[in-house]
Amino acid sequence: MKLELITALILATGATTLAQEDKIQYSPRILSRLDSGGRRKKVKDKLEKMKNKKDKGKSPNKPSKKDSSKSSKSDYKDSMFLVPFSCPRKCIDGAVQPNDTELDNAIKDCDGKNDSQKWNIHYKNEFMKIEATKDWCIGVEEVKTCQGKKAPLSLVSCSDPRSDWYFTGGQLVSALCWSRGKSRLMYVDDDCEGSLKLYDEPDRGTLFMFVGKEFVASASMEDEPTLSPTSYPTLSPTLPPTVSEEPTDTD
């Protein structure tokens, strides 16, 4: 009678916490009182089934939804200034006229406090997207724009392939134009005025840099006075060279 009561007590503890199950499952004091006719194995198997039932559907290696969204994100985003190499102290400005998207007055003096000169740079796969404001990126207005030699650029939807650029490290190649059989680069005119454009030949006006706010702030300042060093390098040795005596001829 006591043996059946102990068995029933162990089975009833299946509704307790997992920690309690483990404690009873491996308690030598209780298990030693069970006979060797199969009851011990039956009780352990029953507790193991209860444990597995609680763990059903759980995967310790499966990331949470929050982690999944973070790990699947392939974009790199940072705020930078887009500056043309051929136009010192000039920055590309993303401000456009009302009801217009064309970047027809994009070359302006750098201003580190001007938000319209800050660009969010996205990398996805091999292409770069240059975002002026939410979901608006530098791009090709129309496919036929690729036909022109100095066609102006505009702000287009960032989800559109027209906003895809391949950055060579100095030049920005329009992925859309290339896929349509035309080689086109982002470009500014030599006079450093007017619109941001496409151009069909490598030129000094097709070279661009992405720089941070600190660099732009220093480039926007007036020429600073040259600081002279407090000491100068000594050009003459402080000690005369040691001259060894030549051996005398004993003959």
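## Burial and the overall chain

A residue counts as buried when its relative accessible area is under 20%, as exposed when that area is over 50%, and as partly exposed in between. In this predicted model, Cys110 has a relative accessibility of 12% and therefore counts as buried. Buried residues make up 32% of the 251 residues in the chain.

The chain is built from seven helices and 12 strands. Of the contacts between residues at least 6 apart in sequence, 57% join residues at least 24 apart. The accessible surface of the chain comes to about 17,400 Å², and carbon and sulfur atoms account for 53% of that surface.

## Disulfides

A disulfide is a covalent bond between the sulfur atoms of two cysteines. The structure holds four of these bonds, and, with the bonded cysteines counted along the chain, they follow the pattern 1-8, 2-3, 4-6, 5-7. In one of them Cys91 is bonded to Cys110, with the sulfur atoms 2.1 Å apart, and the torsion about this S-S bond is about 100°, so the disulfide is right-handed. Cys91 belongs to strand E2, whereas Cys110 sits in the loop between strand E3 (107-109) and E4, so the pair ties together parts that are 19 residues apart in sequence. Cys91 is buried, at a relative accessible area of 0%.

Another disulfide joins Cys137 to Cys158, with an S to S distance of 1.9 Å; its torsion of about 95° makes this bond right-handed as well. Here strand E6 (residues 136-139), which holds Cys137, is tied to the loop between strand E7 (154-157) and E8, which holds Cys158, across 21 residues of sequence. A further disulfide, between Cys146 and Cys177, has an S to S distance of 2.0 Å, but its torsion is about -80°, so this one is left-handed. Cys146 lies in the loop between E6 and E7 and Cys177 in helix H6, so the bond connects parts that are 31 residues apart in sequence. Cys146 and Cys177 are both buried.

In soluble globular proteins, nonpolar side chains tend to be buried together. The largest nonpolar core here has 27 residues, and those with the most contacts inside it are Ile130, Ile138, Met186 and Leu196. Strand E4 (118-124), strand E5 (127-133), helix H6 (175-179) and E12 each supply at least two residues of this core, and the largest share, three residues, comes from E5. Apart from this core lies another, of six residues, among them Phe81, Cys110, Val211 and Val216.

Leaving aside residues up to four places away in sequence, Met186 touches several residues, including Leu82, Leu153, Trp165, Leu172 and Phe208.

## Aromatic pairs

The structure holds two aromatic pairs. Phe167 and Phe210 form an edge-to-face pair, at 5.2 Å centre to centre and with 85° between the planes. Phe167 lies in strand E8 (residues 165-167) and Phe210 in strand E12 (residues 208-211), so their pairing ties together parts that are 43 residues apart in sequence. Phe167 counts as partly exposed, at 24% relative accessibility.

The rings of Tyr187 and Tyr199 have their centres 4.4 Å apart and their planes at 25°, so this pair is stacked. Both Tyr187 and Tyr199 are buried.

## Positive phi angles

Most residues other than glycine have a negative phi. Arg89, although not a glycine, has a positive phi of about 65°, and this residue is found in the loop between strand E1 (76-84) and strand E2 (90-92). Cys192 likewise has a positive phi, near 60°, and its place is in the loop between strand E10 (185-187) and strand E11 (197-199). Arg89 is partly exposed at 43% relative accessibility, while Cys192 is buried at 12%.

Technical notes:
Residues are numbered from 1 along each chain as its sequence is written. This is a predicted model: local features need pLDDT of at least 70, side-chain atom pairs count only at pLDDT 80 or more; totals for chains, interfaces and linings use all residues. Side-chain values use heavy atoms; hydrogens and water are left out. Helices (H or I, at least four residues) and strands (E, at least two) are DSSP runs, numbered from the N terminus. Buried means under 20% relative accessible area, exposed over 50%, partly exposed in between (1.4 Å probe, protein chains only). Contact means heavy atoms within 4.5 Å. Accessible areas come from the Shrake-Rupley method with a 1.4 Å probe; for residues, only the protein chains shown count as cover. Rings of Phe, Tyr and Trp (its six-membered ring) pair if their centres lie within 6.5 Å; planes under 30 degrees apart count as stacked, over 60 as edge-to-face and the rest as tilted. A nonpolar core is a set of buried Ala, Val, Leu, Ile, Met, Phe, Trp, Tyr and Cys residues joined through side-chain atoms within 4.5 Å. A disulfide is a pair of cysteine sulfur atoms within 2.5 Å.
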